[in-house]
Amino acid sequence: TELDRALDNLLVNAARYGRDPDAVHLYVRANAQVTASPLGSGRPAYHGSTEQITEDLEATRATGAHEIILELQGSAGSVDELLDLATAVTSPILTAA
């Protein structure tokens, strides 16, 4: 993925400049846009159905992200809807962990 390539490049350059690549931590801000139905191919990361966003978060974690800051407020019209979206997107990840 694009994130994998960027992280690999960062770690190579960290080592080249005398930094310990193991000390580099990856923090990702995911500005999600939730849609009612899945989006097709070519969709931006963290855009689409809750299932697609969950898959994106899993892929980000597999890349080695130490932390993911998930922004869902733009997709929610109320606090209750925000909590429901957060639960729908993160529950599959948290129960698998």
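Helix 2 (residues 50-63) and helix 3 (residues 79-96) have axes that come within 9 Å and cross at roughly 45°. This is a predicted model: local features need pLDDT of at least 70, side-chain atom pairs count only at pLDDT 80 or more, and totals for chains, interfaces and linings use all residues. Residues are numbered from 1 along each chain as its sequence is written, and side-chain values use heavy atoms, with hydrogens and water left out.

Some terms come first. Helices (H or I, at least four residues) and strands (E, at least two) are DSSP runs, numbered from the N terminus. Axes are lines fitted to C-alpha atoms, for helices over the stretch in contact, and angles run from 0 to 180 degrees between N-to-C directions. Helix 2 and helix 3 are oblique to each other. Angles under 35 degrees count as roughly parallel, over 145 as roughly antiparallel, 65 to 115 as roughly perpendicular and the rest as oblique.

## What the helices touch with

Helix 2 brings Thr-50, Ile-53, Thr-54, Leu-57, Glu-58 and Arg-61 to the contact. Helix 3 brings Leu-85, Ala-88, Val-89, Pro-92 and Ile-93. Contact means heavy atoms within 4.5 Å. By class, the contact has 7 nonpolar, 2 polar and 2 charged residues. Here Ala, Val, Leu, Ile, Met, Phe, Trp, Tyr, Cys and Pro count as nonpolar, Asp, Glu, Lys and Arg as charged, and the others, Gly among them, as polar.

Leu-85 sits in helix 3. Is Leu-85 buried or exposed? Leu-85 is buried, because its relative accessible area is 12%. Buried means under 20% relative accessible area, exposed over 50%, and partly exposed in between (1.4 Å probe, protein chains only). Leaving out residues up to four places away in sequence, Leu-85 touches Val-34, Thr-50, Leu-72, Ser-75 and Ala-76.

## The whole chain

The chain has 3 helices and 4 strands. Along the sequence, they follow the pattern α-β-β-β-α-β-α. The C-alpha atoms fill a box of roughly 50 × 25 × 25 Å, taken along the principal axes.

Of the 97 residues, 26% count as buried. Take the contacts between residues at least 6 apart in sequence: 49% of these join residues at least 24 apart.

## Strand 1 and its partner

Strand 1 is joined to strand 4 (residues 67-71) by 5 bridges, and the two run parallel. Two strands pair if DSSP finds at least two bridges between them. Ala-30 has Leu-70 of strand 4 as its bridge partner.

In a regular strand the side chains alternate between the two faces of the sheet. Which residues form the covered face of strand 1? Val-28 and Ala-30 do, while Tyr-27, Arg-29 and Asn-31 make up the uncovered face.

Val-28 belongs to strand 1 (residues 27-31). Val-28 counts as buried because its relative accessible area is 11%. Beyond residues up to four places away in sequence, Val-28 touches Leu-3, Tyr-46, Thr-60, Ala-65, Glu-67, Ile-68 and Ile-69.

## A loop with two contrasting residues

Tyr-46 lies in the loop between strand 2 and strand 3. Tyr-46 has 10% relative accessibility, so it counts as buried. Its phi is near 70°, a positive value in a residue other than glycine.

Pro-44 is in the loop between strand 2 (33-34) and strand 3 (47-48). Pro-44 is partly exposed, with a relative accessible area of 44%. Pro-44 and Asp-56 are 12 residues apart along the chain, and their C-alpha atoms are separated by 9.8 Å.
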